[in-house]
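Dear colleague,

I am passing on the structure we spoke about, so that you can look at it alongside my notes. Please read them with the coordinates open.

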Amino acid sequence: MELLSGADMLIRSLQDEGIEYIYGYPGGAALHIYDALFRQDKVKHILVRHEQAAVHMADGYARASGKPGTVLVTSGPGATNTITGIATAFMDSIPMVVLCGQVASTLIGEDAFQETDMIGVSRPVVKHNMSVRHPEEIPAIIRRAYYIASTGRPGPVVVDIPKDMTTPNERYEYVFPQKVKLRSYSPAIRGHAGQIKKAVDMMLASRRPIIYAGGGVVLGKASKQLTELAHALGFPVTNTLMGIGSFPATDKQSLGWLGMHGTYESNMAMHHSDLILAVGARFDDRVTNATEKFCPGARIVHIDIDPASISKTVDADVPIVGPVDAVLKEMLALVAESQEKPDADALDAWWKQIEEWRAFHGMRYETSDTHIKPQEVIEAIWRITNGDAYVTSDVGQHQMFAAQYYKFDKPNRWINSGGLGTMGFGLPAAMGVKLSYPDSDVVCVTGEGSIQMNIQELSTCSQYNLPVKIVNLNNQALGMVKQWQDMNYESRHSQSYMGSLPDFVKLAEAYGHVGIRIDRKEDLEPKLREAFAMKDRLVFLDIYVDPHEHVYPMQVARGSMKDMWLSKTERV
């Protein structure tokens, strides 16, 4: 029998759970835990400069690796500073456990120093949260937290730990449970066979089909099965912003991503389809536009691990609740066994129409002899990294350009805040990725507004030698806000210009990094290549791009999927 304090139990539980990194920031209520961390060397702690960054680091790690991230913070402001990061993970279904120190249990409710009801504060933006009531509970609570975070539809779990639960001189028997069974929580392990058979029959009978892949394909590790099914059927594939990389972007069957800033061909194909196979997607507003006008001629097969997501916004004709990898495997088997095949003539005609749409737009944009276009920057990065980098982004025009013009052929390479749209996400997320994949190119595509939200993490990069590449598409404004003001408010640019900006090159150098300014078109590719050749240095590339460039295509608000702006003057 082994006797441990609550703090030592917590760290031993993390070891037994296989946790390699904790991202955090210490404080009074968590000091017993930090002392236990100091007395071991299996779990490594990364000291960030702000708690929000700790959560984004854990998030980036989780998105790239598929394993849950771990955060440790103190009570009060330390805990509340994590909320934006937790909400970011919650909206995108990212597995994560956030360990929050709390005031002693005898002081809870007394407005003690640095007391906040973290259970109540976090409730709307977590998959689950729990509080430790006795030190002996800690191993079981930690085991349950990671199980809940990483199974079913993943998500963040908060564990609130009062300081007296971790007192060093109180020791209890340590028992780490090998299995978890919760009566009220039993995620589906396979889809309904009858529904899967019905869906396959509909797919084989369709004449204008399309596969619509979401982030659930990436999270569910089902990209291989999705690709095999698409190739077996010959169907076109589109994906959501979160589903980028779930199907190879350079594959001839890929239509690119869809929705508000999706490709012309993907939005047109969705609108005119007669069958949509939705896999791990949630039909959010950035895809559907006006739901009452959404794909009027299509029947919908919807596969999702979360029953609450099916028919939430758009009714499914064939709902299938289950893990996407398991369901797609069954579909592949049925397609292989079936005597029926898709109508070849109908499919040929459908592809002919899609190729016409693709030829009509094809992500064209106007180049300039004087200005660097943001699209050109992303295309250059794609070439230089051979399309094999991990790319994180912040939120705004730069995010859309990165998603549009970097062709991702692998899952888990596009790391962005999709649902919540969190500025300040990109740099710490890139740090979390780089820490775990030190030999890979990790690029943070950002803007001068977003990067300043967590720019203090350049200090963390120095401490832990995290040589990410930061690409700042500098248009001297909050670009997406300015674009909306141009389009909807007669160019009344209310508070969208940043005013006085720092010298980002000198700022990067002050933190011990390399700074490069690019403002001439002829310097773009040579200086990018110079930066990416510096494998062991963080390089901040401050690239001055055309300040008047807009992101297109762009759906017309409250229209259907086929209603789009293709340029500042061209609307379809």
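This is a predicted model: local features need pLDDT of at least 70, side-chain atom pairs count only at pLDDT 80 or more; totals for chains, interfaces and linings use all residues.

The crossing in which H10 passes H13 is left-handed. On the H10 side the contact is made by Gln 225, Leu 226, Glu 228, Leu 229, Ala 232 and Leu 233, and on the H13 side by Asp 325, Leu 328, Lys 329, Met 331, Leu 332 and Val 335, a set of residues that divides into 8 nonpolar, 1 polar and 3 charged.

The second pair is helix H15 (residues 374–384) and H16, which pack with their axes 9 Å apart at an angle of about 45° and are therefore oblique to each other, in a right-handed crossing. Here H15 contributes Pro 374, Gln 375, Ile 378, Glu 379 and Trp 382, while H16 contributes Phe 401, Ala 402 and Tyr 405; these residues divide into 6 nonpolar, 1 polar and 1 charged.

Helix H16 (residues 397–405) also holds Gln 399, which counts as buried because its relative accessibility is 4%. The side chain of Gln 399 makes a polar contact with the side chain of Asn 416 at 2.6 Å, and, leaving aside neighbours within four places in sequence, the residues in contact with Gln 399 include Leu 241, Asp 394 and Trp 414.

Methods:
Residues are numbered from 1 along each chain as its sequence is written. Side-chain values use heavy atoms; hydrogens and water are left out. A crossing is left-handed if the near helix is turned anticlockwise from the far one by less than a right angle, and right-handed if clockwise. Helices (H or I, at least four residues) and strands (E, at least two) are DSSP runs, numbered from the N terminus. Contact means heavy atoms within 4.5 Å. Ala, Val, Leu, Ile, Met, Phe, Trp, Tyr, Cys and Pro count as nonpolar, Asp, Glu, Lys and Arg as charged, and the others, Gly among them, as polar. Buried means under 20% relative accessible area, exposed over 50%, partly exposed in between (1.4 Å probe, protein chains only). A polar contact is a pair of N or O atoms within 3.5 Å; within protein, one must be able to donate a hydrogen and the other to accept it, and residues adjacent in sequence count only if both atoms are side-chain atoms. Axes are lines fitted to C-alpha atoms, for helices over the stretch in contact, and angles run from 0 to 180 degrees between N-to-C directions. Angles under 35 degrees count as roughly parallel, over 145 as roughly antiparallel, 65 to 115 as roughly perpendicular and the rest as oblique.
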